[in-house]
Amino acid sequence: MKKLGLHEIRREFLSFFEEKDHLIIPSYSLVPIKDKSLLLINAGMAPLKPYFLGIENPPKERMTNCQKCVRTCDIDNVGKTDRHATFFEMLGNFSFGDYFKKESIQWAWEFVTERFEIPKDILWVSVYKDDDEAYDIWKDEINVPEEKIVRLGKKDNFWELEVGPCGPCSEIYVDRGEDYDCGHEDCKPGCDCDRYVEVWNLVFSQYDKDENGNYNPLPNPNIDTGMGLERMAVILQGVENIFETDAFRTILDEVVQITGVKYGINPKDDMSIRIITDHIRAVTFLVSDGVIPGNEGRGYVLRRLIRRAARHGKLLGLKGDFLYKLSDIVIEQWGNTYTDIKEKHSQIKKVIKVEEEKFQETIDQGINILCEYIDKVKSEGNNILKGENAFKLYDTYGFPLDLTKEILLEEGLSVDEDGFNNEMEKQRQRARRARDEGEKSVWNSANYKELNIKENTQFVGYNSLSSNSKVISLIKDNSLVEELKEGQEGIIVLDKTSFYPESGGQVGDKGILSNSNCKVKVTDTKKEGEDLFLHFVSVEKGVIKTGDIVQANVDKIERISTARNHSVTHILHKALKKIVGEHVNQAGSLVMPDRLRFDFSHFEALTDSEVNKIEKKVNDLILQGLDIETLEISLDEAKKIGASALFDEKYGSLVRVVKIGEYSKELCGGTHVNNSSNIGLFKIISESGIASGVRRIEAITGEYVYNYLKNIENQLDEAAEVLKTNKTDIISKIKQLSEEYKSIVKELDKVKSKFATSKLDDIVKEVIKVENVNVIAKSVDGMDVNSLRQLGDQIKNSMKSVVLVLGTTKEDKVNLIAMASKDLVSKGIHAGNIIREVAKTTGGGGGGRPDMAQAGGNDPSKLQEALNKVKDLVEAQIKR
């Protein structure tokens, strides 16, 4: 048997099938394209489904590759078993209507027995129980002894995902020997023990499974094989598990190095070391393929992996961030094969580090609270944690539900997942209500079909801002009417219009509809279905009726301003990708006449430097005067010219591409200026976070930038006048005044200190004794809180065994401080508890530490009454 490294195995496989006239294709991204049925690519054939289904033509009928995959369904087994991993590489050879069972079986046997020189006497095969064709090929043509051919049922030998191509399969097993035997007499392939390791699965794709579970015969049967690279490495390298294979071991050794924990001594430590080793590989590749940590979808998968690994680092004694450093080993080991992880090295480390830092801020507190919950559940004789408690850990401390479940499982407990989901839904509803609060509409979208408006609207607004149009329908209070009169509001449907409807983040046009009998103000434009344009109107003059011909004029100034903002969002999007990283994707937008809002995926706040670079880059492109043109082309042509879009969305036969010079190409149905110079200027007003992994830029263009800058200039003029200086000298004047202010404050502090010292002797004389404790409770006029504290410190330093409470009033407020000397704190005196009771008498509250506390009140007339209680409060604490 050949002993080959992991990367050598990959090369051998691809080169073998290249010799068999297969086209070698690179691995697809872990993020599926045009496949909403999958969160992440979890099998070698998953990205090739369009070829298997005949939807697209493959570049060649024979293909081979090594596909990156992520599966988290078995995450609880990762680290515990010898073979489970979240990230793995699947070697595969594929036939799209070319060869079938005979060739795939012959080549698989040739490869493992001749290229890898695995002895035939340790190889076993399995077939689907009803697949006589495959059985006969193995028996009669490959000459595998019948006792080494095992028929298995659907669970083991019928390959399928939730939906898509599927079929019976045949697997090749390696017998690792009696040392791994489970002891059962019938131990053979299909047994759950570790003796027989499945290394290659030959899937004979004959069916297409639909969403209803039906198996529809494929017109051209296909071949889809999958060899787990890591499993084959275990066999060829003669090691116990995937974590001890050569490439994996480099990560594991580094984990051992940075933790100082030896591997192979303590099973619990070994599990944590393995989990970190596995997860950092998955995390590195996920980030490389553009996944950002978040609370939903694939972002949640990434967050869960990072935080799970971080927790196991803590279990091994690590403090602070460490995962981002481990990614260096992954990149070093796999970077020559997957060059994109090399190119994105710094971005990968940054994403991981930021997520680690976020979790480190709350992990200790979260674990402590979870431990309290666990103790309470056990003390009550229960074994289920309340869903609301799990949600608090998720919402406040960033604990993914799966992490909470894992920790509970270690304690023999579970969680009320229904309760957790109920709390999550309540939060969504709160957010929804907040978003919808105050929004009212004269139009009920659900009712528009009932109105049975048969005619559609022709949109002519890309090339013209006006049209002569016929009124098709009038709507008032969700009902069709014949006319709208002066002072009434409603909706008008025209046969053709230049008014752009709200769509793709761009707001609807405003303007005027008019003829000799009426003047109607259009306040908004929306669209229902494909081509029903709704003009929201108020009648300013006269009467408008069904069938009227009107002049429909869009507000030109607002349209052009909106177009400026829409065009600049395309430039901004591309600039963000260039400056911040290719992982940036649009997550939403709002384009209005006076401003624009652009939401994008990113894992941390932009720095001031990044904001400045983005702003400068956008303005540079504006000043280059790039032509902006729109193309109506097929979706395939759009892809070929590099247009960006959500290509898994549904589009018609023709799509509209907005092209800004050679800098930006995007699918877009919005309105735009003709040249980037028409945008004028671009200014970022704010950058903020709106959700986990989503940032928002708000910006302005054109005349709004001029108005913004003019307003700042006016404020500078006003500031210069107040400071009695020129605009150019404002900064130096402020620095001068700041220094003068510091000097005055310093002098004032000296005066206050002298004033406090002058009061000291008089206050000390009024000390009263309570069982050998010096007690002072005094009202002091003309002092602020800082002066009170200074005076309190001086009193405490001048005598032993003292409890003091000082109070002062200013206007209608009371300020109180309490202090206790260290010897009394050790005997049970608590300044915080004393001042809390004192403050209640003045209508206030407060508290603090045993040695020092502060409080406030709202009734100065009760100050002396409150101070009179101090003696009794001290006496009660002494006797307790």
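Q: At what angle do helix α10 and α12 pack, and how far apart are their axes?
A: Two packed helices are described by the angle between their axes and the distance between the axes. Here helix α10 (residues 323–334) and α12 pack at about 150 degrees, with axes 8 Å apart. That makes α10 roughly antiparallel to α12. Angles under 35 degrees count as roughly parallel, over 145 as roughly antiparallel, 65 to 115 as roughly perpendicular and the rest as oblique. Axes are lines fitted to C-alpha atoms, for helices over the stretch in contact, and angles run from 0 to 180 degrees between N-to-C directions. Helices (H or I, at least four residues) and strands (E, at least two) are DSSP runs, numbered from the N terminus.

Q: What kind of model is this, and how are residues numbered?
A: It is a predicted model, in which local features need pLDDT of at least 70 and side-chain atom pairs count only at pLDDT 80 or more, while totals for chains, interfaces and linings use all residues. Residues are numbered from 1 along each chain as its sequence is written, and side-chain values use heavy atoms, with hydrogens and water left out.

Q: Which residues of α10 and α12 meet?
A: Contact means heavy atoms within 4.5 Å. From α10 come Leu323, Tyr324, Ser327, Asp328 and Ile331, and from α12 His345, Ile348, Lys349, Ile352, Lys353 and Glu356. By class, this contact has five nonpolar, two polar and four charged residues. Ala, Val, Leu, Ile, Met, Phe, Trp, Tyr, Cys and Pro count as nonpolar, Asp, Glu, Lys and Arg as charged, and the others, Gly among them, as polar.

Q: Is the crossing of α10 and α12 left-handed or right-handed?
A: A crossing is left-handed if the near helix is turned anticlockwise from the far one by less than a right angle, and right-handed if clockwise. The α10 and α12 crossing is right-handed.

Q: At what angle do the axes of α3 and α4 cross?
A: Helix α3 (residues 101–115) and helix α4 (residues 132–141) have axes that come within 10 Å and cross at roughly 45 degrees. The two are therefore oblique to each other. Lys101, Lys102, Ile105, Gln106 and Trp109 of α3 make the contact with Glu133, Ala134, Ile137, Trp138 and Glu141 of α4. Five of these residues are nonpolar, one is polar and four are charged.

Q: Which residues touch the most other members of the largest nonpolar core?
A: A nonpolar core is a set of buried Ala, Val, Leu, Ile, Met, Phe, Trp, Tyr and Cys residues joined through side-chain atoms within 4.5 Å. The largest one has 116 residues, and Trp138, Trp200, Met232 and Leu323 touch the most other members. Helix α12 (residues 345–379) gives the largest share of this core, eleven residues. Another core lies apart from it, with 29 residues, including Leu626 and Tyr663.

Q: Is His573 buried or exposed?
A: Buried means under 20% relative accessible area, exposed over 50%, partly exposed in between (1.4 Å probe, protein chains only). His573, in helix α16 (residues 556–579), has 8% relative accessibility and counts as buried. Beyond four places in sequence, His573 touches Val584, Asn585, Gln586, Phe598 and Glu666.
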